[in-house]
Amino acid sequence: MSQRVPQPPVNPALRDLERHDFWPGFVAALAGVVLVLCGARHLTGVDTVDGSAAQESQLIKAFSSGGLQYASELPAPAPPSLDDPAAQAEALDRWTRQQANAAPPNWTVRVDTDAKTPCPT
Amino acid sequence: MECAVPHCQQREPTVLGRKLARFRPWVQTGFLAVWLAPLGRWLHGIPGCVFHCYSCPLSSFACPVGVAANYAALLPAAFEVPYLLIGVLLAVGALGGALVCGWACPFGFLQDLLGKIVPRKISLPGWLGYTRYVVLVGLVLLLPMVLGFKGIPFEKQVVSICRLCPAGALEAGVPYSVQSVLAGHGWVMSWFKTGILVSFLAAALVIHRPWCRIFCPLGGFLALCNRFSLFHLRFNPKECVECNLCRSRCSMGVKVDQAVNVPGCIRCLECTTCGAIEPCFARPQKSTAREQSV
């Protein structure tokens, strides 16, 4: 911006005191560095697909690569498909019973560390 | 408006001020290599400190705003404290305040370049800066959390900061849409988001940094650190001749003659051209400006 824009005259009486101390900024910066170091080593309460606890960086990476899996969003396994109609009916019946008796997953959300889908938003 | 200060035209910019004003676009260009590093996708697990979409094909770090919104949406399913995110933003803010806005942010740089095309600008009232905090609290934190409690994952939330973000529209939506058009599948980005992008690009022609001034939640947070950051601006009353050069050079509408370490400042350092305002790092001010002027 190289041009001068006309302004109202300066009134020194309106000048703010603007005392600026060293320690608040220094303590806050130190706190930030400590939090970064904590975050680098922190294991979250979210598990990965292979069962281990996800690191915070893995969780953040999952945000951008479609790596978050929700148990409520998991697709149901596909029903069996066989050539023989009689065997198909029996297999379908067995599959239906298995789905009805299947225990819900013991996780709510987990991280897929291999996901590479760009965020759709 | 005719400048009422009699010697307004007599004060020339200082050498340091001229150098900073010439140097800044090159620093902003250099930082593009940091944020647009195609080999740096492995850094997606680390939140950045500027407004840059992590869905961009060339992005290196993760967008801190998107990360914050994702954490908020994840809260009902898993209570996680974003140590990395808070730590990065606190460290950057405490070191420089909004300095990254004026010198490193790629979206801010784009608005600076667009702002050079049309010389005349529309000035905005200062209170519009508070809408940044409405966006931060409402759109980035509360809305994803509320929808998360309804069982809607962040990616499926119809209204979110990422679905409305013009930076994401430009840096991710446009490349993927162009790729899709070339493959014969049509424009994939929603026309609403495309309209938001076009509106912001048009606004940046006639308003200085409209996104930064009105909506940017990241800039709003970093600007809060201006009051106590180690890097700050110091007013030297002995050098002030009340020429108002500082205020006339400010593109953000900050009343520099009254206070300079305020949340509206992006620390572009244009105001330092007059010589009465100087950049300082980690030097405590022993006496206030008013005490010095007595």
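This is a predicted model: local features need pLDDT of at least 70, side-chain atom pairs count only at pLDDT 80 or more; totals for chains, interfaces and linings use all residues.
Let's start with chain A. Four strands make an open sheet there, in the order S2-S1-S4-S3, and the pairing is mixed. At the edges sit S2 and S3 (68-70), each of which pairs on one side only. From one strand to the next, the twist averages 60°.

Now look at strand S1(A), residues 43-48, and see who pairs with it. Strand S2(A), residues 53-55, runs antiparallel to S1(A), and the two share 2 bridges. In one of these pairings, Leu43(A) has Gln55(A) as its bridge partner. The hairpin of S1(A) and S2(A) has 4 residues between the strands, and Gly51(A) takes a positive phi near 100° in that hairpin. Strand S4(A), residues 109-111, pairs with S1(A) too, but in the parallel sense, again over 2 bridges. Here Asp47(A) is the bridge partner of Arg110(A), while Thr48(A) stands opposite Val111(A). To finish the picture of this sheet, find helix H2(A), residues 56-65: it lies across S1, S2, S3 and S4 of chain A and runs at about 80° to S2(A).

Over to chain B, where helices are the topic. When two helices pack, you can describe the pair by the angle between their axes and the distance between those axes. For H2(B), residues 64-74, and H6(B), residues 131-149, the angle is about 35° and the axes are 7 Å apart. Their crossing is right-handed. On the H2(B) side the contact includes Val65(B), Ala68(B) and Ala69(B), and on the H6(B) side it includes Val140(B), Leu141(B) and Pro144(B). By class, this contact has 11 nonpolar residues, 1 polar and no charged ones.

Leu222(B) takes us to the last stop, as one of the buried residues of H11(B). Why is helix H11(B), residues 217-224, largely enclosed by the rest of the structure? Because 7 of its 8 residues are buried. Those buried residues of H11(B) pack against H2, H3, H4 (99-103), H6 and H10 (210-215) of chain B.

Note on methods
Residues are numbered from 1 along each chain as its sequence is written. Chains are lettered from A and ligands numbered from 1 in the order in which they are written. Axes are lines fitted to C-alpha atoms, for helices over the stretch in contact, and angles run from 0 to 180 degrees between N-to-C directions. A crossing is left-handed if the near helix is turned anticlockwise from the far one by less than a right angle, and right-handed if clockwise. Two residues are in contact if their C-beta atoms, placed from the backbone, lie within 7 Å. Ala, Val, Leu, Ile, Met, Phe, Trp, Tyr, Cys and Pro count as nonpolar, Asp, Glu, Lys and Arg as charged, and the others, Gly among them, as polar. Two strands pair if DSSP finds at least two bridges between them. A residue is buried if 20 or more other C-beta atoms lie within 10 Å of its own, exposed if 12 or fewer, and partly exposed in between; C-beta atoms are placed from the backbone.
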